[in-house]
Amino acid sequence: MGKESKNFKPGIVQKSLRNRDLESPLDWLSLAHLVYRSTMVKERVSLHLMEAKEALYRLYLSDSGIFSYESQVEPTAFLSQTGRNTLSGIFFENYMATELVSHGFPLFYWRGKNDAEFEFLLQDKDAVVPIDVKKKKGTLNSLSKFIAHNKLDYAVKVSANRYGYDKEHRIRTLPFYDVGFYLEEVKE
């Protein structure tokens, strides 16, 4: 969880392992709803978003309590404004993943050139919405790189910030507590 590259690599479990060696155990963990798999989409995004078995992926834990226990970080430390916790960003990404899955959305993330990325992609009717998750304030540095390859209706930034809409960049800012309501709105 503390690795800079969030893509899951079987070598983390054991040096000689390959993806095919872990396919059955990861499928079991997914079927048991202990982990959620997020599939990578590179540069140009096409509708309808579909999982690809051979693609790189990320794994998220299905429960924030398990995440907190495994990271050995006190749960309140993730929410603290004063403490510096290097796993806070991943904690909030994990939260967003559980929200998406609980509302019936599959998990996808976008990777562009030069480490440009969005943690999540959401299909909203005939549009793909990039979602960036920030603990606090932050900019969407990857937005221009996403637009270079894809049509953009709007992007979403989920953070501790208040509601907002940046007309120039078409960025909708949502506070963490409103994510569930937003996802219900998209489903309708």
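This is a predicted model: local features need pLDDT of at least 70, side-chain atom pairs count only at pLDDT 80 or more; totals for chains, interfaces and linings use all residues.
Where is the place of serine 64? Serine 64 sits in helix H2, which covers residues 64-71; helices here are DSSP runs of H or I with at least four residues, strands are runs of E with at least two, and both are numbered from the N terminus. Residues are numbered from 1 along each chain as its sequence is written, and side-chain values use heavy atoms, with hydrogens and water left out.

Staying with serine 64, its relative accessibility is 27%, so it counts as partly exposed, where buried means under 20% relative accessible area, exposed means over 50%, and partly exposed lies in between, with a 1.4 Å probe and protein chains only. The C-alpha atom of serine 64 is 9.3 Å from that of phenylalanine 92, although the two residues are 28 apart along the chain.

Leucine 34, in the loop between helix H1 (19-31) and strand E1 (35-42), is also partly exposed, because its relative accessible area is 34%.

Let me turn to helix H6, residues 179-187, where Val179, Gly180, Tyr182, Leu183 and Val186 are buried. These residues lie on the same side of H6, because they cover an arc of only 160° around the axis, the arc being that of the directions from the helix axis to the C-beta atoms.

Finally, arginine 111 belongs to strand E3, residues 107-111, and is buried, because its relative accessible area is 17%.
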